Amino acid sequence: MAAPSRSTAVLTLLLVLPAVLLVAGLASGEPWRFAIRPSGDFAAKLLVFTLSISPLRVLFPQSRWTAWLMSRRRIFGLSAFLYALFHLAVFCASIGRLDWILEGMAFASMWTGWIAFGLLATVASISNAAAMARLGHWWKRIQRLAYPAAVLTLAHWLLLSRSSTEALLHAAPVAGLWIACGTRRFSSPVARAKLK
Ligand code: HEM
């Protein structure tokens with residue numbers, strides 16, 4: 001396997017750093033729940049960023065930075081899943097009882113998180129070349145499960161936090177980018193000619 005480029009190595013270090021700081025906090029005696037919100041936050045931020053890369057590439061098809069982002073979309077997507085896994089692990093450790101964890105699933109604020117996690121795990125499990133070859137056109141369809149996962153994460157966040165501002169500010173960039181893509185698509189001369 002080829003050695004990662006310098007920029008990929010730096011990116012990976014930056015993506016791992018928050019987890020290292022959270023583990024250091026836990027190792028220095030912080031309670032498990034101290035890591036629930038920040039890990040959920042990172043998972044949501046990385047998920048939003050990953051879903052922003054395709055529309056950015058559509059809007060800036062010639063630019064080198066969107067090409068750089070596109071070729072590292074898998075790293076961002078897998079990081080979002082790994083922070084969601086970390087989030088789930090510290091949540092379960094902080095509750096400490098399986099019966100309470102299962103009881104909690106009845107609440108919309110929790111089952112939205114569980115389903116989002118299940119969808120992200122499905123997408124992460126096929127984020128490799130072998131699965132891509134094996135699944136053919138189904139691969140892209142399954143990858144699109146990241147969108148309902150994002151919507152469920154937003155619902156999870158809105159149901160848990162007192163203020164909706166922060167959660168909605170995270171959703172706005174993806175929504176804005178896709179609206180910009182749609183506008184560009186339907187305002188192109190080709191699209192307009194088709195409408196005539
Ligand atoms: C697997 C099932 C999940 C469970 C049981 C769970 C549990 C929780 C809990 C208990 C909180 C509240 C923490 C607090 O206020 O102290 C929380 C907040 C949060 N979770 Fe989850 N979560 C799950 C999945 C996810 C996933 C998949 C994501 C993102 C991809 C996510 C993102 C968040 C965010 C962004 C917050 C709010 C953080 C904040 O208020 O700053 N969660 N979660």
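Student: Where is Gly77 found?

Tutor: Gly77 is found in helix H4. Helices (H or I, at least four residues) and strands (E, at least two) are DSSP runs, numbered from the N terminus. This is a predicted model, in which local features need pLDDT of at least 70 and side-chain atom pairs count only at pLDDT 80 or more, whereas totals for chains, interfaces and linings use all residues. Residues are numbered from 1 along each chain as its sequence is written, and side-chain values use heavy atoms, with hydrogens and water left out.

Student: Is Gly77 buried, exposed or partly exposed, and what counts as which?

Tutor: Gly77 counts as partly exposed, because its relative accessibility is 26%. Buried means under 20% relative accessible area, exposed over 50%, and partly exposed in between, with a 1.4 Å probe and protein chains only.

Student: What separates the C-alpha atoms of Gly77 and Ala130?

Tutor: A distance of 17 Å separates them, and the two residues are 53 residues apart along the chain.

Student: Which helix holds Ser79, and which residues is Ser79 in contact with?

Tutor: Ser79 is also a residue of helix H4. Its relative accessible area is 9%, so Ser79 is buried. Leaving aside neighbours within four places in sequence, Ser79 is in contact (heavy atoms within 4.5 Å) with Leu15 and Leu46.

Student: And Ser28, buried or exposed?

Tutor: Ser28 is exposed, because its relative accessible area is 60%. Ser28 belongs to the loop between helix H1 (6–27) and H2. Its side chain reaches the backbone oxygen of Gly25 at 2.8 Å. For such polar contacts, the pair must be N or O atoms within 3.5 Å; within protein, one must be able to donate a hydrogen and the other to accept it, and residues adjacent in sequence count only if both atoms are side-chain atoms.

Student: Changing topic: how many residues surround the ligand?

Tutor: There are 19 residues around the ligand, and the closest are Arg37, His87, Thr153, His156 and Leu160. By class, the shell has twelve nonpolar, five polar and two charged residues. Ala, Val, Leu, Ile, Met, Phe, Trp, Tyr, Cys and Pro count as nonpolar, Asp, Glu, Lys and Arg as charged, and the others, Gly among them, as polar.

Student: Which side chains have an N or O atom facing an oxygen atom of the ligand, and at what distance?

Tutor: An N or O atom in the side chain of Arg37 is 3.1 Å from a ligand oxygen, and one in the side chain of Trp157 is 3.5 Å from a ligand oxygen. The elements giving two or more residues to the shell are helix H2 (36–59), helix H4 (73–95), helix H6 (108–125) and helix H9 (146–160). H2 supplies the largest share, six residues.

Student: What are the protein donors of the iron atom?

Tutor: They are His87 (NE2) and His156 (NE2), lying 2.0 Å from the iron atom. The pair ties together parts that are 69 residues apart in sequence, because His87 lies in helix H4 and His156 in helix H9. Donors are N, O and S atoms within 2.8 Å of the metal (3.2 Å for Na, K and Ca); water is not among the atoms, so sites may look incomplete.

Student: Why is the arrangement octahedral?

Tutor: The six donor atoms around the iron atom subtend angles of 87 to 180 degrees, which makes the arrangement octahedral. Six donors count as octahedral if opposite donors are over 155 degrees apart and all others between 65 and 115. Ideal angles for six octahedral donors are 90 or 180 degrees.

Student: Is His156 buried or exposed?

Tutor: His156 counts as buried, because its relative accessibility is 16%.

Student: Which residues is Thr153 in contact with?

Tutor: Leaving aside neighbours within four places in sequence, they are Ala44, Leu47 and Ala116. Thr153 lies in helix H9, and a polar atom of its side chain is 2.8 Å from the backbone oxygen of Ala149. Thr153 is buried, with a relative accessible area of 16%.

Student: How many helices and strands does the protein chain have?

Tutor: The chain has eleven helices and zero strands. Buried residues make up 36% of its 196 residues.

How values were computed
Near = heavy atom within 4 Å. Tetrahedral: all angles 85-135°; square planar, octahedral: opposite > 155°, others 65-115°.
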